[in-house]
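Subject: Structure for your review

Hello,

Here is the structure we spoke about, followed by notes on what was found in it. Please read the notes with the model open.

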Amino acid sequence: MLTALIVLAVVLGVATAANLVLTFAVIRRLRTLEEGGGTGAPDALPAVGTAVGEFTAVTTSGEEVTAADVAAGDAFAGFVMVGCTPCGTLIESLAGGAATGAADPLFFVVGDPESPETRRMTAALGPVGRVAVVAERSAVTAAFGRVDAFPTLLRIKDGVIAAAGHELGDVVPAPAHRAAPARPELVGERV
């Protein structure tokens, strides 16, 4: 009986020590993320001034998009992820008429192309711009300065990131990203 109690005490001691080591490792990792030094920090954005690297993606309509599509003039690229609540809010605002400030915006949906949720997101973004489905850590996300947080919105000027943010107001001048106000005659008021 005494031997069994000693073995039990040793096992509990080892389990407690292992638990402490793992707890301190998690705390250390969380501190690194809070300081912005880790991958996937909540506010991580590609640096302004970063040149867009080479990439190739195929849109949901079968069109190929490459770095040449953002190499000259003003462009807009948006990265959204399946399961991201702020991404859903952004998509709703874009579908509701909010503008990106670019004639032909690009959207990259990070998710499984076969997923119903991915299909819903691409369908909602289709009328707004060109849409491609990509993997989270793909050549496309790397080409745009290592996109790790979602949504990430980029205004690109001549192939270089000119503005980066998580909301339209961060990258698009204020009047351009607001939806047009409802006309009174369309909502039942008399002019």
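Two strands are taken to pair if DSSP finds at least two bridges between them. On that basis, Leu153 has Gly165 in S7 as its bridge partner. Please keep in mind that this is a predicted model.

Overall layout

The protein contains 6 helices and 7 strands. Their order along the sequence is α-β-β-β-α-β-α-β-α-β-β-α-α. Of the 191 residues, 34% are buried. The accessible surface amounts to about 11200 Å², and carbon and sulfur atoms hold 60% of that surface. Taking contacts between residues at least 6 apart in sequence, 67% connect residues at least 24 apart.

Strand pairing

Strand S3 covers residues 74-81 and pairs with S6 in the antiparallel sense, over 6 bridges. Within this pairing, Ala77 is opposite Leu154 of S6, and Gly78 is opposite Leu153 of S6. S3 is also joined to strand S4 (residues 106-110) by 5 bridges, and these two strands run parallel. There the bridge partner of Met81 is Val110 in S4. How many of the 8 residues of S3 are buried? The count is 6, so S3 is largely enclosed by the rest of the structure; buried here means under 20% relative accessible area.

S6 and S7 are antiparallel and are joined by 5 bridges.

Backbone points to check

In general, most residues other than glycine have a negative phi, and most peptide bonds are trans. The following places depart from that.

- Asp158 has phi near 50 degrees, a positive value in a residue other than glycine. Asp158 sits in the loop between S6 and strand S7 (160-165), in a hairpin with 2 residues between the strands. Its relative accessible area is 44%, so Asp158 counts as partly exposed.
- Arg146 also has a positive phi, near 65 degrees, and is not a glycine. Arg146 belongs to the loop between H4 and S6. With a relative accessible area of 48%, Arg146 is partly exposed.
- The peptide bond from Phe150 to Pro151 is cis, with omega near -5 degrees. Pro151 lies in the loop between helix H4 (139-143) and strand S6 (152-157).

Largest pocket

Where is empty space left? Rolling a probe the size of a water molecule over the atoms shows this. The largest pocket has a volume of about 200 Å³. Helix H2 (85-95) and helix H5 (168-171) are the elements that give two or more residues to its lining. H2 contributes the most, with 4 residues. The lining has 10 residues, and those nearest the centre of the pocket are Pro86, Leu90, His166, Glu167 and Leu168. Sorted by class, the lining holds 4 nonpolar, 5 polar and 1 charged residues.

For a quick look, I would start with these items:

- the cis peptide bond from Phe150 to Pro151;
- the positive phi of Arg146 and of Asp158;
- the lining of the largest pocket, including the residues from H2.

Regards

Conventions
Residues numbered from 1 in each chain as written. Predicted model: local features only at pLDDT ≥ 70, side-chain atom pairs only at ≥ 80, totals over all residues. Heavy atoms only, no water. Buried < 20%, exposed > 50% of the residue type's maximum accessible area, 1.4 Å probe, protein only. Contact = heavy atoms within 4.5 Å. Areas by Shrake-Rupley, 256 points an atom, 1.4 Å probe, with all protein chains shown as cover. 1 Å grid on protein atoms, 1.4 Å probe; cavity = no way out; pocket = protein on both sides within 12 Å on 5 of 7 lines; lining within 4 Å. Points joined across faces, edges and corners; volume = space filled by probe spheres on them. Nonpolar A, V, L, I, M, F, W, Y, C, P; charged D, E, K, R; others polar.
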